[in-house]
Amino acid sequence: MATLQGTWRFETLGGAPLPDEVRHAPWLTFDGDGQVYGLAGVNRVRGTWQLEGSRLTFGPVVSTLMAGPDEAMACERQVVELLNSALDVHADGDRLELRLDGTSGATLVRDDHAGDTPA
């Protein structure tokens, strides 16, 4: 079973690397008490998560409502889509792959300092 606790930075979304124009990579921190928070691209997100076997689901997720550059907003839409979906999780050390309907939804890497950069 994957261990999600900690902070993870998005490396890819939809099977593609994040665009160079994205100033701050999206990230998520999974707390041991079932809480998740992070940066979806432009806006901060917070909600709940649950892992059953290799199936990851998120409870209600709320976010701030700021606008940003087109590239960052496009990334954010993809992250929010993932947060609203049931995902299959495949962990390999400090790499985490989230699959949506059998396709690559995102690849994340463990990065304890991803949330240190202000949005």
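**Labels and their grounds**

Guide: His90 lies in strand β7. The model is a predicted one.

Visitor: Why is His90 called partly exposed?

Guide: Buried requires under 20% relative accessible area and exposed over 50%, with partly exposed in between. His90 has 35% relative accessibility, so His90 counts as partly exposed.

Visitor: How far apart are His90 and Asp116, in sequence and in space?

Guide: They are 26 residues apart in sequence, and their C-alpha atoms are 26 Å apart in space.

Visitor: How many aromatic pairs does a search of the whole structure find?

Guide: The search finds three aromatic pairs. In one of them, the ring centres of Trp27 and Tyr37 are 6.2 Å apart, with the planes at 90 degrees.

Visitor: What makes the pair of Trp27 and Tyr37 edge-to-face?

Guide: Two cut-offs are needed: centres within 6.5 Å for a pair, and planes over 60 degrees apart for edge-to-face. The values of 6.2 Å and 90 degrees meet both, so the pair is edge-to-face.

Visitor: Which parts of the chain does this pair tie together?

Guide: Trp27 belongs to strand β3 (residues 27–30) and Tyr37 to strand β4 (residues 35–39), so the pair ties together parts that are ten residues apart in sequence.

Visitor: Are the two residues buried or partly exposed, and how do you know?

Guide: Trp27 has 4% relative accessibility, which is under 20%, so Trp27 counts as buried. Tyr37 has a relative accessible area of 27%, which falls between 20% and 50%, so Tyr37 is partly exposed.

Visitor: Why is the pair of Phe30 and Phe58 called tilted?

Guide: The ring centres are 6.2 Å apart and the planes are at 35 degrees. Stacked needs under 30 degrees and edge-to-face needs over 60, and the rest are tilted.

Visitor: Where do Phe30 and Phe58 lie in the chain?

Guide: Phe30 is in strand β3 and Phe58 in strand β6 (residues 55–63), so the pair links distant parts of the chain, 28 residues apart. Both Phe30 and Phe58 are buried.

Visitor: Which residues do ring pairs link into a cluster?

Guide: The cluster consists of Phe30, Trp49 and Phe58.

Visitor: How do you know that Arg95 and Glu11 form a salt bridge?

Guide: The rule asks for a side-chain nitrogen of Lys or Arg within 4 Å of a carboxyl oxygen of Asp or Glu. The closest N and O atoms of Arg95 and Glu11 are 2.7 Å apart, so the pair is a salt bridge. Arg95 sits in strand β8 (residues 95–100) and Glu11 in strand β1 (residues 6–13), 84 residues apart, and the pair links distant parts of the chain. By this rule the count comes to five salt bridges.

Visitor: What makes Arg95 and Glu11 partly exposed?

Guide: Arg95 has 38% relative accessibility and Glu11 has a relative accessible area of 30%. Both values lie between 20% and 50%, so both residues are partly exposed.

Visitor: Why does the pair of Arg55 and Asp88 count as a salt bridge?

Guide: Their closest N and O atoms are 3.0 Å apart, which is within 4 Å, so the pair counts. The pair links distant parts of the chain, with Arg55 in strand β6 and Asp88 in strand β7 (residues 87–92), 33 residues apart. Arg55 is partly exposed at 37%, and Asp88 is partly exposed at 24%.

Visitor: How do you know that Glu97 and Arg99 meet in a salt bridge?

Guide: The N to O distance is 3.0 Å, again within 4 Å, so the side chains meet in a salt bridge. Glu97 is partly exposed at 23%, as is Arg99 at 28%.

Visitor: Why is Leu96 called buried?

Guide: Leu96 has a relative accessible area of 2%, under the 20% limit, so Leu96 is buried. Leu96 is found in strand β8.

Visitor: Which residues form the negative surface patch, and why does Asp20 count as exposed?

Guide: The patch is formed by Asp20, Glu21, Asp70 and Glu71. Asp20 has 78% relative accessibility, which is over 50%, so Asp20 counts as exposed. Asp20 is found in the loop between β2 (16–17) and β3.

Methods
Residues are numbered from 1 along each chain as its sequence is written. This is a predicted model: local features need pLDDT of at least 70, side-chain atom pairs count only at pLDDT 80 or more; totals for chains, interfaces and linings use all residues. Side-chain values use heavy atoms; hydrogens and water are left out. Rings of Phe, Tyr and Trp (its six-membered ring) pair if their centres lie within 6.5 Å; planes under 30 degrees apart count as stacked, over 60 as edge-to-face and the rest as tilted. Helices (H or I, at least four residues) and strands (E, at least two) are DSSP runs, numbered from the N terminus. Buried means under 20% relative accessible area, exposed over 50%, partly exposed in between (1.4 Å probe, protein chains only). Patches are made of residues with over 30% relative accessible area and no salt bridge: like charges are joined within 9 Å, nonpolar side chains (Val, Leu, Ile, Met, Phe, Trp, Tyr) within 5 Å. Accessible areas come from the Shrake-Rupley method with a 1.4 Å probe; for residues, only the protein chains shown count as cover. Lys and Arg count as positive and Asp and Glu as negative; His and the chain ends are not counted. The place of a charge is taken as NZ of Lys, CZ of Arg, CG of Asp or CD of Glu.
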